[in-house]
Amino acid sequence: MECVLLIGIPASGKSSFYAQHFAATHLRLNLDMLRTRHREAELLATCLRLQQPFVVDNTNVAVAERSRFLVPARAAGFRTVGYYLASKLDECLPRNAGRSGAARVPDVALRDMVRRLELPAMGEGFDALHYVRMADGGFVVEDWRDEVR
Ligand SMILES: Nc1ncnc2c1ncn2[C@@H]1O[C@H](COP(=O)(O)OP(=O)(O)O)[C@@H](O)[C@H]1O
Ligand SMILES: [Mg+2]
């Protein structure tokens, strides 16, 4: 069973990556949709109990936010995989500006996320870690290399 964590600032492409790669196989946990950490925890516990593969489609920029999922998922026997989506401000700001309604967040939220971003590391409890970048309307997935990120 697989627990996938997406990591990236707003407009880095997390939800699109989920839609293209995981929608058919993995349940999506998204804090914006679920609204409260309590509801998120209930759904997480259900996925773990049912051995249901899932993707956490949150920004997950801090080690502490990621461990909220990694620790219980590993304890439940899940394989844990992280996908870091390239989070360059000068690329995400215009993509965010191009969105409308609730999908568009204030620029300051992106800047705040970049400040809080702690790059993921295998030692946090990932069985695998990948680097993802956009290309031609799709995504390219590469192996993680600590020394270059
Ligand atoms: N593969 C892609 N190539 C180019 N632009 C993309 C791609 N995927 C998404 N986008 C654009 O980036 C914006 C943010 O994507 P989204 O998946 O909503 O990011 P996030 O969930 O991280 O906020 C979308 O509004 C879309 O216009
Ligand atoms: Mg999203």
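A crossing is called left-handed if the near helix is turned anticlockwise from the far one by less than a right angle, and right-handed if clockwise. This is a predicted model, in which local features need pLDDT of at least 70 and side-chain atom pairs count only at pLDDT 80 or more, while totals for chains, interfaces and linings use all residues. Residues are numbered from 1 along each chain as its sequence is written, chains are lettered from A and ligands numbered from 1 in the order in which they are written, and side-chain values use heavy atoms, without hydrogens and water.

**Helices α5 and α6**

- Helices here are DSSP runs (H or I, at least four residues), numbered from the N terminus.
- The axes of α5 (residues 89-97) and α6 (residues 107-116) come within 10 Å and cross at roughly 150°; axes are lines fitted to C-alpha atoms over the stretch in contact, and angles run from 0 to 180 degrees between N-to-C directions.
- That angle makes α5 roughly antiparallel to α6, a word used for angles over 145 degrees, whereas those under 35 count as roughly parallel.
- The crossing of α5 and α6 is right-handed.
- On the α5 side L89, C92, L93 and N96 make the contact, and on the α6 side D107, L110, R111 and V114 do; contact means heavy atoms within 4.5 Å.
- By class, these residues of α5 and α6 are five nonpolar, one polar and two charged.

**Helices α3 and α4**

- The axes of α3 (residues 37-50) and α4 (residues 63-75) come within 11 Å, crossing at roughly 25°.
- Therefore α3 is roughly parallel to α4.
- Here too, α3 passes α4 in a right-handed crossing.
- From α3, R37, E40, L44 and L48 meet E65, R68, F69, P72 and A73 of α4.

**Around ligand 1**

- There are 14 residues around ligand 1, and A11, K14, S15, S16 and R99 come nearest; a residue counts as near if one of its heavy atoms lies within 4 Å.
- A polar side-chain atom of K14 lies 2.8 Å from an oxygen atom of ligand 1.
- For S15, a backbone N or O atom lies 2.9 Å from a ligand 1 oxygen atom.
- In S16, a side-chain N or O atom is 2.6 Å from an oxygen atom of ligand 1.

Key: Helices (H or I, at least four residues) and strands (E, at least two) are DSSP runs, numbered from the N terminus. Angles under 35 degrees count as roughly parallel, over 145 as roughly antiparallel, 65 to 115 as roughly perpendicular and the rest as oblique. A polar contact is a pair of N or O atoms within 3.5 Å; within protein, one must be able to donate a hydrogen and the other to accept it, and residues adjacent in sequence count only if both atoms are side-chain atoms. Ala, Val, Leu, Ile, Met, Phe, Trp, Tyr, Cys and Pro count as nonpolar, Asp, Glu, Lys and Arg as charged, and the others, Gly among them, as polar.
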